[in-house]
Amino acid sequence: MAEKTIRDRLHETVDAAASLLYPITCPSCDVPLPSSRVPLPICDDCGAGMSRIAPPYCRVCGQAYEGAMSADFQCSNCADRKLAFDFAIGGYAAEGLLRQLMHRFKYEQNIYLAQLLGRLLESTLTDKRIVGKDWILVPVPLHRRRFRNRGFNQAVELCRVLKKRNPKRFQVKKAIRRVRHTPRQAGLDREQRLSNLRGAFALSRFGNMAETLVGKRILLVDDVLTTGATASECGRVLRNSADIAEIGVITVLRG
Ligand SMILES: [Zn+2]
Ligand SMILES: [Zn+2]
């Protein structure tokens, strides 16, 4: 077991302080929650308003479909595109309460929401393509300018929650860095998103990353997947850098 780094100790202290600062109440309606509810800190009423994405969904991009469908279909959203990952799974629909909570997490510095959102992300890990294999979690990176404004990378925080709850199952590697600041993707169509992102990512310069990743299975982690353009661009960087066994994408929300 590796020695705890100063950073680990700092995170532990921050976590402990956060649990004092934020007593256990539902993050949406503020009703007190019994402590046994942690770490899925949300009340039943608010929890009932979240819609889990259940099969059938597209085997490539995770797009959910209503009604009966064979388990193995690919949707029209991605059938004509070459996405540089093998599959993507979103935990919950990006609507209503969860959309608001994600907004508060990312844009209003409510970093404690990582606990709830990380637990919701965990629901993707029961997919049969993920179960029973070793994975390296790779957070989708932020550009340093956005990181400075926000103070944290939401994907890194989500990875931390998964790692903490599944210490043997996952390694976390910040394998990709963002080399170009790009305008927000919101409001852009599929083609614009892809060209907006071209050249935005590169492999990390640290730790012989290409060598480390050879033959490995990678799960890219992000808060939300919409068209899959960001994840695909990250997947392309990974595939161009090393011979990788499999690349999956897991997100809390599916847009
Ligand atoms: Zn509530
Ligand atoms: Zn699809």
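I started with Glu233, which is buried (under 20% relative accessible area; exposed is over 50%, partly exposed in between, with a 1.4 Å probe and protein chains only), since its relative accessible area is 2%. I'm working on a predicted model, where local features need pLDDT of at least 70, side-chain atom pairs count only at pLDDT 80 or more, and totals for chains, interfaces and linings use all residues. Side-chain values use heavy atoms, without hydrogens and water, and residues are numbered from 1 along each chain as its sequence is written.

**Salt bridges**

I looked up the salt bridges (a side-chain nitrogen of Lys or Arg within 4 Å of a carboxyl oxygen of Asp or Glu) and got ten in the structure. Glu233 pairs with Arg198, their closest N and O atoms being 3.4 Å apart. Arg198 is partly exposed, at 44%.

Next I checked Arg239, which bridges to Asp86 with the closest N and O atoms 2.9 Å apart. Arg239 sits in helix H10 (residues 229-241) and Asp86 in the loop between helix H3 and strand S1, so this pair ties together parts 153 residues apart in sequence. Arg239 is partly exposed at 34%, and Asp86 is partly exposed at 35%.

I also noted a network of salt bridges linking Arg119, Glu122 and Arg165.

**Cysteines**

How many disulfides did I find? Searching the whole structure for cysteine sulfur atoms within 2.5 Å gave me zero. Cys46 is buried at 12%, while Cys29 is partly exposed at 37%.

Definitions and conventions:
Chains are lettered from A and ligands numbered from 1 in the order in which they are written. Helices (H or I, at least four residues) and strands (E, at least two) are DSSP runs, numbered from the N terminus.
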